[in-house]
Amino acid sequence: MNQIDLNGRVAVVTGGASGLGLATAQRFLASGARVTIWDRDEDRVAQVVADLAPLGDVAGTTVDIGDAAAVERGMAVVQAREGRIDIVVNSAGISGLSCPSDEVSLDLWDQQMRVNLSGAFYVCRAAIPHMKANGHGRIILVASAAGKDGNPQQAPYSAAKAGVIGLTKSLGKELGPFGIMVNCIAPTIFETPMHEVSKARLGVGLMDAIKAKIPLGRAGRPDEFAAMAAWLASDECSYTTGFVFDLTGGRSTY
């Protein structure tokens, strides 16, 4: 593992109790950051904090990113405890169902937008004032190949993730003058608990069809996501903002 210097930095990782978020929290701790993980599962947060404690300074808070007030409270807790917020990784999200668009319930549409798009905005909105005060910040959002390509019968998920890409581009241009870099990672399928949920919801056949589009012929590993996130969170990422980084094994090349 290449060493990325995050010493002295304070990071918030949403969805940090499993999958891509957990791998990112581990990588950040190994790089010297102080990390607070957010997740909705209180028991899981407590267990992960205990497991990660030997790696470094880690804390956990139960936060539903789809609740704007809860996000504001959570960010205030981190600021009060740490005195600053340098890095935010918004890896929390929910997978989509496979369903013809004319059969999509309004509740499903609203849920996808609330968590995957509005939640990403709430997290950014709550972090920005703290980063502006420091004259420094790194915000990493998580979209999806579906947000670039559009997955058939996944209109709500694809639209929400496309919105995350637009949010990244807008914030990158807006916040650059404040020393805040905002970038986005757009992964394809990864070996995470969400991937297992997606297989159950979408069916093995559809997941195999998605994998067949990947030139490397496999799903991604969480540590590969974390490696990219660590660089984006570092001071070495100093001249890139508002950009979408593909992490798709060659599926997307634009």
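1. A residue counts as buried when its relative accessible area is under 20%. The model is predicted. By that cut-off, helix α1 is mostly covered, with 10 of its 12 residues buried. The buried set consists of Gly19, Leu20, Gly21, Leu22, Ala23, Thr24, Ala25, Arg27, Phe28 and Leu29.

2. The geometry of α1 is consistent with its assignment. The helix runs over residues 19-30, and at 1.5 Å a residue its 12 residues should span 16 Å. Its end C-alpha atoms lie 17 Å apart, which agrees with that expectation. Just after α1, glycine 32 adopts a positive phi of about 100 degrees.

3. On the overall fold, the protein chain contains 9 helices and 7 strands. Its radius of gyration is 17 Å, close to the 18 Å given by the globule rule for 254 residues, so the chain is as compact as a globular protein of that length. Taken along the principal axes, the C-alpha atoms fill a box of roughly 50 × 40 × 40 Å.

4. Of the 254 residues in the protein chain, 52% count as buried. The accessible surface comes to about 11,000 Å², and 53% of it belongs to carbon and sulfur atoms. Among contacts with a separation of 6 or more, 73% are accounted for by residues 24 or more positions apart.

5. Which residues touch the most other members of the largest nonpolar core? In this set of 34 residues, they are Trp38, Met75, Val88, Ile139 and Leu141. At least two core residues each are supplied by β1 (10-14), α3 (68-82), α4 (106-134), β5 (137-142), α6 (155-175) and β6 (180-187). The largest share, 8 residues, comes from α4. A second, separate core has 33 residues, including Val49, Val89, Met228 and Cys237.

6. Leaving aside neighbours within four places in sequence, valine 88 is in contact with Val12, Met75, Val123, Ala127, Met131, Arg138, Ile139 and Ile140. Two of these partners, Met75 and Ile139, are also listed with Val88 among the core residues that touch the most other members.

7. Leucine 247 lies in strand β7, residues 244-247. It is buried, because its relative accessible area of 16% falls under the 20% cut-off. Leucine 247 and proline 187 are 60 residues apart in sequence, yet their C-alpha atoms are 4.5 Å apart in space. Not counting residues up to four places away in sequence, leucine 247 touches Ile185, Ala186, Pro187, Thr188, Phe190, Glu224, Phe225 and Met228. Of these, Met228 is one of the residues of the second core.

8. How many disulfides does a search of the whole structure find? The search returns 0. For cysteine 124, the closest cysteine sulfur is that of cysteine 184, and the 10.0 Å between them is too far for a bond. The cut-off for a disulfide is a sulfur pair within 2.5 Å. Cysteine 184 is likewise in no disulfide, its nearest cysteine sulfur being that of cysteine 124. Cysteine 124 is buried, with a relative accessible area of 1%, and cysteine 184 is buried at 0%.

Terms used:
Residues numbered from 1 in each chain as written. Predicted model: local features only at pLDDT ≥ 70, side-chain atom pairs only at ≥ 80, totals over all residues. Heavy atoms only, no water. Helix = DSSP H or I, 4+ residues; strand = E, 2+ residues; numbered from the N terminus. Expected span 1.5 Å × (residues − 1). Buried < 20%, exposed > 50% of the residue type's maximum accessible area, 1.4 Å probe, protein only. Rg over C-alpha atoms; globule rule 2.2 N^0.38 Å. Contact = heavy atoms within 4.5 Å. Areas by Shrake-Rupley, 256 points an atom, 1.4 Å probe, with all protein chains shown as cover. Core = buried A, V, L, I, M, F, W, Y, C linked by side-chain atoms within 4.5 Å.
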